[in-house]
Amino acid sequence: MSPQLFLLASALLLAGSAALAADIQKGRQQAAMACAVCHGPLGIAPMPSAPNLAGQQELYLSEQLKAYRSGKRRHEVMGVISKPLTDEEIENLSAWYASIRVQVEAGS
């Protein structure tokens, strides 16, 4: 196996084990306290300036929260909200929003 393929396989394995460790129910509880005002209780934002989080990819959500927390990605509200989050809380929140199934219907 080439070194590049080995590294890719290792990264995928680690990502999969992190997803298994996340606690969706804890993420749901935390989201209800900190995220629902802007992003809605089920990840469908009630305000046009906030994105829908329901059904987003877990890895994407996790990376974005970590970027807000570190200041790499800037947003006045998200910077404050994400600053105290632990890696475990970020993984739980990401797992919760990723677990929400969204159905898209084509318009007429």
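The lining of the largest pocket draws its largest share, five residues, from helix α4. Helices here are DSSP runs of H or I with at least four residues, and strands are runs of E with at least two, numbered from the N terminus. The structure is a predicted model, in which local features need pLDDT of at least 70 and side-chain atom pairs count only at pLDDT 80 or more, while totals for chains, interfaces and linings use all residues. Residues are numbered from 1 along each chain as its sequence is written, and side-chain values use heavy atoms, with hydrogens and water left out.

About 590 Å³ of space lies in this largest pocket. Of the 28 residues in its lining, His 39, Pro 51, Leu 53, Tyr 68 and Met 78 are the closest to the centre. Two or more lining residues are given by each of α2 (24–34), α3 (36–39), α4 (58–70), α5 (76–82) and α6 (87–99). A pocket is an open set of points, on a 1 Å grid over the protein atoms alone, where a 1.4 Å probe fits and protein lies on both sides within 12 Å along at least five of seven lines; lining residues have an atom within 4 Å of a point. Grid points are joined across faces, edges and corners, and the volume is the space filled by probe spheres set on the points. By class, the lining has 19 nonpolar, eight polar and one charged residues. In this scheme Ala, Val, Leu, Ile, Met, Phe, Trp, Tyr, Cys and Pro count as nonpolar, Asp, Glu, Lys and Arg as charged, and the others, Gly among them, as polar.

The chain as a whole has six helices and zero strands, and its pattern along the sequence is α-α-α-α-α-α. Of its 108 residues, 31% are buried; buried means under 20% relative accessible area, exposed over 50%, and partly exposed in between (1.4 Å probe, protein chains only). Among contacts (heavy atoms within 4.5 Å) between residues at least 6 apart in sequence, 59% join residues at least 24 apart.

Glu 91 is placed in helix α6 and counts as buried because its relative accessibility is 17%. Beyond residues up to four places away in sequence, Glu 91 touches Ala 22, Glu 58, Ser 62 and Lys 66.
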